[in-house]
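Here are my notes on this one, in the order I'd go through them with the viewer open. Have a look and see whether you read it the same way.

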Amino acid sequence: MKVHVRKQDKVVVISGKDKGKIGEVLKVNPKKGTVVVKDVNVVKKHQKPNRQNMQGGIVEMEAAINSSKVMLYCEKCKKATRIAHKLLEDGAKVRVCKKCGETF
């Protein structure tokens with residue numbers, strides 16, 4: 001499965017309980033087609049005490065969501081956008097915004 005976003009991309013959630021939230025991609029799992037976005041799909045996890053967390057307890061963390069629920073966010077147009085690929089003169093392939101042509 002191919003995922004259209006990369007780590008550290010800025011994305012906007014287009015469906016679900018967190019619709020409209022903008023965040024940074026923290027982790028991408030192309031085999032499952034999921035992404036973890038900062039401050040999106042926050043769940044509570046019961047954690048046992050361990051060396052890092054001596055006390056244990058309930059911790060809040062981001063859970064993965066399907067990559068089809070996010071779109072790349074263009075800083076220039078301030079909107080969610082699809083991506084197009086463009087070849088530069090030096091042969092490099094870059095991702096550009098379909099609406100305004102800004103490179104990512």
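**Notes on the model**

1. S67 counts as buried, because its relative accessibility is 7% and the cut-off for buried is under 20%. Bear in mind that this is a predicted model.

2. Where does S67 sit? Its place is the loop that runs between β6 (65-66) and β7 (70-74). What touches S67, once neighbours within four places in sequence are set aside? The contacts are V3, H4, G33, T34 and V35.

3. Besides being in contact with S67, T34 stands opposite N66 in β6. That belongs with the pairing of β3 (residues 34-37) and β6, which is antiparallel and has 2 bridges.

4. Zooming out, β3 and β6 are part of an open sheet of 6 strands. Reading across, the order is β6-β3-β2-β1-β7-β8, and the pairing is antiparallel. At the edges are β6 and β8 (79-81), each of which pairs on one side only.

5. Strands β9 (residues 83-87) and β10 pair in the antiparallel sense, with 5 bridges between them. One of the pairs puts K86 across from V94 in β10. The hairpin has 5 residues between its strands, and in the turn G91 has a positive phi of about 90 degrees.

6. On the overall fold, the protein chain has 10 strands and 0 helices. Its radius of gyration is 17 Å, while a compact globule of 104 residues would be near 13 Å. The C-alpha trace spans about 55 × 30 × 25 Å along the principal axes. Of the contacts between residues at least 6 apart in sequence, 38% join residues at least 24 apart.

7. Last, the surface and charges. The protein chain exposes about 7700 Å², with carbon and sulfur atoms supplying 50% of that. There are 25 positive and 10 negative charges, and their mean positions lie 7 Å apart.

Technical notes: Residues numbered from 1 in each chain as written. Predicted model: local features only at pLDDT ≥ 70, side-chain atom pairs only at ≥ 80, totals over all residues. Heavy atoms only, no water. Helix = DSSP H or I, 4+ residues; strand = E, 2+ residues; numbered from the N terminus. Rg over C-alpha atoms; globule rule 2.2 N^0.38 Å. Contact = heavy atoms within 4.5 Å. Areas by Shrake-Rupley, 256 points an atom, 1.4 Å probe, with all protein chains shown as cover. Lys, Arg positive; Asp, Glu negative; His and termini not counted. Charge placed at Lys NZ, Arg CZ, Asp CG, Glu CD. Buried < 20%, exposed > 50% of the residue type's maximum accessible area, 1.4 Å probe, protein only. Pairing = 2+ DSSP bridges.
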